[in-house]
Amino acid sequence: MLIDTHAHVNDPVYKGELPRMLESMQDDGLEKIICVGTNQQTSREAVAFAETYARVFATVGVHPSDTGKVSADYIEELEKLAQNKKCVAIGEIGLDYHYEDTDKETQAKRLIEQFELVNEVELPVVFHVRDAFGDFNEILKKHGKLLRAGGIMHCYSGSRELAEEYVKMGFYVSFSGSITFKNNRKAEEVIAALPLDRILAETDCPYLTPEPHRGKLNYPAYVTYQVKKIAEVKGLLYEDALRILTENAYSAFPRLAGK
């Protein structure tokens, strides 16, 4: 069955249909969903959802776009939330320079603080990096030794060369619905170059709805389209790609398997 390794089911857009969506996971072919925290509030919600629904797991962390809105004790709160056995990772954290008014200094400071948190809790890290790979890699060089449980490059948009470097570091590279978009040759080249045992599939819902539903609301069950695309690029049967990607999810997030 499918595992959506990165979903924002705590987004308000799902409020009216959330119980039905999470209770019908098995009927939708979904084995598990990882609900992602992006700030203190959504991290609390992610853990609460994980405690309520057997097939839902959580991550906790502060997204780079939310780094200017944390409380003085946010690290302590995240550390407490991370003790929950259904919290599988710290994230999504990282750097995002997409917007002109970005406070790069604050983003870097919060990222390093959360690296130190990772060192304490020994969980894998889900990274969000957009238009900031240079600075991110510099921070990784200086503080990467704190990442004792590995990392996941979420919704990867970088080059093939960088992806190969992350894999050498022991990271996983995760792909969202954007890989199904027409003429996304760059993503196909990256997928083709990477070892299959280091690839993950995600939706990043409600964002990046894959073809053939592009332009509509995204759902965790749509991760099937990413699996199909990865199978196509790798020249595999869908069933074989699904089995391997499921195994990868359990390897990347040991608590997903109850470890």
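Q: What covers the buried residues of α6?
A: The cover includes α5, β6 (151–153), β7 (172–175) and α7 (185–193). Helices (H or I, at least four residues) and strands (E, at least two) are DSSP runs, numbered from the N terminus. Contact means heavy atoms within 4.5 Å.

Q: Where does this model come from?
A: The model is predicted: local features need pLDDT of at least 70, side-chain atom pairs count only at pLDDT 80 or more, and totals for chains, interfaces and linings use all residues. Residues are numbered from 1 along each chain as its sequence is written, and side-chain values use heavy atoms, with hydrogens and water left out.

Q: Back to α6. Which of its residues are buried?
A: In α6 (residues 160–168) they are Ala 163, Tyr 166 and Val 167. They sit on the same side of α6, because they cover an arc of only 100 degrees around the axis. Buried means under 20% relative accessible area, exposed over 50%, partly exposed in between (1.4 Å probe, protein chains only). The arc is that of the directions from the helix axis to the C-beta atoms.

Q: What comes just after α6?
A: Gly 170, which takes a positive phi of about 95 degrees.

Q: Which residues are buried in α3?
A: Tyr 74, Ile 75, Glu 77, Leu 78, Leu 81 and Ala 82. Their arc around the axis is only 160 degrees, which puts them on the same side of α3.

Q: Why would spaced-out residues point the same way?
A: An α-helix has 3.6 residues a turn, so residues three or four places apart point the same way.

Q: And what do the buried residues of α3 pack against?
A: Against α2 (40–52), β3, β4 (87–96) and α4.

Q: How do α4 and α5 pack?
A: Helix α4 (residues 104–121) and helix α5 (residues 133–143) pack at about 35 degrees, with axes 11 Å apart. Axes are lines fitted to C-alpha atoms, for helices over the stretch in contact, and angles run from 0 to 180 degrees between N-to-C directions.

Q: Which residues make that contact?
A: From α4, Ala 108, Leu 111, Ile 112 and Phe 115; from α5, Phe 136, Ile 139, Leu 140 and His 143. That gives 7 nonpolar, 1 polar and no charged. Here Ala, Val, Leu, Ile, Met, Phe, Trp, Tyr, Cys and Pro count as nonpolar, Asp, Glu, Lys and Arg as charged, and the others, Gly among them, as polar.

Q: New topic. What is the order of the strands in the open sheet?
A: It has 8 strands, in the order β1-β2-β3-β4-β5-β6-β7-β8, with parallel pairing. Strands β1 and β8 (199–201) stand at the edges with a single partner strand each, so one side of each lacks a neighbour in the sheet. Two strands pair if DSSP finds at least two bridges between them.

Q: How many bridges join β1 and β2?
A: There are 4, in the parallel sense, between β1 and β2 (residues 30–35). Ala 7 has Cys 35 of β2 as its bridge partner.

Q: Is β1 covered or exposed?
A: Mostly covered: 6 of the 6 residues of β1 (residues 2–7) are buried.

Q: Where is His 8?
A: In the loop between β1 and α1 (18–23). His 8 counts as buried because its relative accessibility is 6%. Beyond neighbours within four places in sequence, His 8 contacts residues including Tyr 14, Glu 92, Asp 204 and Tyr 207.
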